Structures are given as C-alpha cells and as structure tokens.
Amino acid sequence: MRYCSLFICIIFALGTMNAQFVANYDESKVPEFDLPDPLTTFAKKEVQTSASWNKLRRPELISFFETDVYGKVPGKIDANSFKVLEERNSALGDRAKRKQVKVTLTKNGKTLSFTMLLYLPKQIALNGLFLGYNFHGNHTVTDDPEIIISKAWSLNNESIGITNNTLTEANRGKRSSRWAIAKMIEAGYGLATIYYGEIDPDKNDFTDGIHPLFYAEDQKRPAKDEWGSIGAWAWALSRAMDYLEEDTETTQKPVVVFGHSRLGKAALWAGATDTRFSGVISNDSGCGGAALSKRRFGETVARINESFPYWFSGNFKKFNNAEEHLPVDQHELLALIAPRPLYVASAREDEWADPRGEFLSSYYASPVYELFGKKGISSNQMPNVNSPIFNTVSYHVRTGKHDVTAYDWEQYIKWALMHFN
Ligand code: GCU
C-alpha cells in the first residue's frame with residue numbers, strides 16, 4: 001500500500017512537472033525586476049571610462065558568464081591543423097571562388113575535425129566575411145553539387161528530408177533561403193559556414209563532440225562550471241577564426257560572426273569572448289541569447305534548462321525560476337561586444353524568443369557603447385516592424401516567424417557595408 005501511494009505520488013509529480021510550464025505572452029504579466037547596471041561593478045563601483053570598463057567590469061562579467069551561464073572552456077588545445085580538401089576558382093556562376101577546409105583540433109592525443117565551406121567573391125575585392133554555423137550541413141546552404149556532405153549526426157527534420165539522423169543528397173540546397181550568398185558576394189562579402197553538429201551533436205550526450213577531448217581519465221561530463229554545447233559551439237567559431245587569420249585570402253579582413261536562434265546564442269558568446277570578431281549578428285537568438293531573462297517572457301531559464309539541459313553550464317540551473325537572483329542579464333552579454341558593431345534582430349511572430357526583450361537588451365547595453373563614443377539604441381520605444389535602427393548597435397523587428405529571411409540579410413549586408421568598409 002505504502003509503495004503504491006509512493007508510486008502514485010511519483011507519477012503525479014512527473015505529470016505536473018511536464019504540465020506546469022505555460023509561457024507568458026502577456027506584457028502586463030512581466031514581473032517587476034531590477035536590471036543590473038552594466039556600468040556598476042559587482043562591488044558597487046561606478047565605471048566611468050572605457051579604460052575601467054576594460055580593466056574592471058568587462059573581465060568580471062566575462063568571468064560570471066563563463067562560470068555560471070555558458071561554462072568555462074577547460075583548457076587550450078594542444079595543436080590545430082588545416083587542410084584544404086577542395087578548391088575551385090569558379091563557383092556560383094563564376095561570381096565566387098569556393099574552398100572546403102578541414103580544421104583538425106588535437107587535445108590529449110584525441111582529435112576532432114570540422115569542415116568549413118567558404119565562398120569568396122571572385123570578380124570584386126573581398127570586404128569582409130560572415131562566419132556562421134548552419135543547422136543541417138554545409139550542403140544545405142546552396143544547391144552547389146560539390147559541397148561535401150557531413151557524416152556527423154543530425155537532428156531529424158522531415159521538411160528537408162533528414163531522417164535516421166543522417167545527412168544525404170536529398171537535403172542539398174534545402175536551406176538556401178536562409179543564406180543570401182549571391183547578395184553577400186555582390187557586396188564583396190564572403191561566407192564561411194560550418195555544420196554545428198561536427199563540433200558537438202545537438203543532443204544530451206557528453207560522450208561525443210569536442211567535450212571528451214578535454215576530459216581527465218574517467219571523466220564522463222564537464223564539471224558544473226564548464227562548458228555545455230553552446231560554449232563548445234562558440235569556442236569552435238574562434239577555432240574557425242584561427243584559420244581565417246592564416247589563409248592569405250582572408251587574413252586581416254573583418255569577420256562578422258552570425259547565428260540564428262541557438263546558434264545566435266553561440267555567436268553572441270563567441271563575439272563576447274573573442275575580440276578578433278569585428279562584429280556580431282544575433283538573429284532571433286531569444287532566451288540565453290539577446291533576450292532579457294528577468295522578463296520571463298516566452299521561453300524562461302527553467303524551461304530552456306529543462307528542454308536542453310546540455311546547452312549551458314550546470315551552474316546555470318541555479319537560476320531556474322530564480323531569475324531575480326541572477327547578478328547579470330543578457331544586455332551585459334551584448335555590452336561585452338562593445339565597442340564593436342552589433343546587430344540584434346527579432347521577428348514579430350517569434351514571441352517565444354521575446355522580441356521586446358531582445359530590443360530592450362540592446363537598449364540597456366547601449367550605455368557601454370556610449371562610453372566608447374559609439375551610438376547605441378537611444379530610445380526604449382521599440383521601432384515599428386521593418387524599420388531598422390542602424391547605429392553601432394543596430395536592431396530590427398521584421399514581420400513573420402522565427403527564421404532567417406532575405407529581408408534579414410539585406411539589413412545585415414547594408415549594416416556591414418556601413419561599418420566595415
Ligand atoms: C527552441 C529553443 C530556443 C532556440 C530554438 C532554435 O525553440 O527553445 O531557445 O533558440 O529552439 O534554436 O531554433
């Protein structure tokens with residue numbers, strides 16, 4: 001009898017755990033909250049100059065995001081190597097050159113490789129590059145038949161023909177709407193893209209991907225203050241940057257790191273930690289990305305940690321349903337990118353990612369940009385849809401859903417041409 005009621009209790013508890021989360025989409029139900037001031041240190045010292053931002057505030061914020069949000073990278077790799085797997089001087093109707101480069105990382109005698117696909121303008125000079133992960137393999141970004149199909153595990157996605165967690169010919173070009181490659185090339189911009197699953201498969205498993213390369217003997221998963229998958233994806237963008245710095249065609253060129261959604265979270269963290277990135281674009285990155293966590297609008301800290309327990313550090317779970325105890329918020333992640341250009345974009349129907357929270361985060365990051373004499377977002381009134389604000393901190397909310405569209409890329413290219421040429 002006792003066992004029976006215990007069993008019923010457990011079933012009931014499990015049932016309520018699943019049923020209890022209801023996302024708030026009502027602005028009037030956003031809780032009152034105190035947003036930490038990016039220009040006041042944890043010890044309550046005011047930051048008045050860019051020099052003291054760099055010396056005092058930036059390092060302590062980086063350190064908090066490292067240990068309590070995305071997790072620390074547990075060390076440095078022992079070696080890296082680059083191999084051009086394939087190169088063609090004429091691609092995309094002779095407007096571009098193509099390269100596919102294998103980057104191999106070695107640590108503790110173990111290796112991990114990923115392949116970066118590059119398109120560079122052929123007929124005009126290279127102004128800069130967009131570097132960003134794709135969700136389903138390099139071969140999905142355009143229908144170019146020469147793009148190598150990754151053998152790495154993939155999330156299934158029937159709409160683009162991915163079943164059995166395997167990428168195939170059937171998916172080629174199926175995500176081209178998310179990559180305005182012709183427009184980039186026309187503007188003198190190259191594209192460097194990597195399939196994120198080659199760095200760490202997007203599943204709750206720490207035995208695969210990059211993490212095991214750093215394990216001590218018998219270690220099975222990262223420590224609580226160490227990196228989850230987003231930390232790993234962000235870090236490997238820097239390893240891609242190591243290559244772009246060495247390639248004689250791309251060295252010294254501005255590299256803008258771009259990402260959509262979970263990969264936008266990774267792009268922001270990469271941009272915050274690695275100042276070699278000249279600019280950062282966050283497309284619909286939402287919770288744990290550009291959106292303010294303390295608003296608890298749409299996806300929340302508890303919800304993201306429950307659905308994706310492997311994305312953030314173990315420590316981040318301390319803030320499940322306790323956002324008020326977070327001594328930081330995501331506007332401070334954005335501020336870590338200052339004074340480099342930052343573009344935050346939202347989509348009106350993407351309420352899960354809290355467009356208003358993404359906008360306010362950009363606004364509240366702006367005092368740090370102003371400390372550097374750069375223009376951020378100066379009003380807390382959200383702009384109308386499809387009316388971008390172009391400053392060093394740029395922002396738009398477009399019509400439509402959670403996605404990357406031609407409209408988004410038109411603005412990013414325009415913004416890049418304003419800031420990096
Ligand atoms: C889920 C997740 C989001 C994430 C998104 C995506 O919706 O809850 O946090 O941004 O997937 O990556 O598409």
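Q: Which strand gives the largest share of the lining of the second largest pocket?
A: In this predicted model, strand β3, which covers residues 110–121, supplies the largest share of that lining, with 3 residues. The second largest pocket has 14 lining residues in total, and Thr 115, Ile 149, Ser 150, Lys 151 and Glu 198 are the ones nearest its centre. Its volume is about 220 Å³, and by class its lining holds 6 nonpolar, 5 polar and 3 charged residues.

Q: What makes a residue count as part of the lining of the largest pocket, and how many residues line this pocket?
A: A lining residue must have an atom within 4 Å of a point of the pocket, and 15 residues line the largest pocket, with Val 73, Trp 235, Ser 238, Arg 239 and Thr 273 lying nearest its centre. The volume of the largest pocket is about 340 Å³.

Q: Which helix gives the most to the lining of the largest pocket?
A: Helix α4 gives the most, with 5 residues; α4 (229–246) and α5 (262–273) each contribute at least two residues to this lining. By class, the lining of the largest pocket divides into 5 nonpolar, 5 polar and 5 charged residues.

Q: Which residues lie around the ligand, and how do they divide by class?
A: The residues around the ligand are Phe 135, Ser 261, Arg 262, Lys 265, Glu 299, Ile 304, Phe 308, Trp 311, Trp 352 and His 402, and by class this shell has 5 nonpolar, 2 polar and 3 charged residues.

Q: Why is the protein chain called as compact as a globular protein of its length?
A: The chain contains 9 helices and 9 strands. Its radius of gyration is 21 Å, close to the 22 Å that the globule rule gives for 421 residues, so the protein chain is as compact as a globular protein of that length. Along the principal axes, its C-alpha atoms fill a box of roughly 70 × 55 × 40 Å.

Terms used. Residues numbered from 1 in each chain as written. Predicted model: local features only at pLDDT ≥ 70, side-chain atom pairs only at ≥ 80, totals over all residues. Heavy atoms only, no water. Near = heavy atom within 4 Å. Nonpolar A, V, L, I, M, F, W, Y, C, P; charged D, E, K, R; others polar. 1 Å grid on protein atoms, 1.4 Å probe; cavity = no way out; pocket = protein on both sides within 12 Å on 5 of 7 lines; lining within 4 Å. Points joined across faces, edges and corners; volume = space filled by probe spheres on them. Helix = DSSP H or I, 4+ residues; strand = E, 2+ residues; numbered from the N terminus. Rg over C-alpha atoms; globule rule 2.2 N^0.38 Å.
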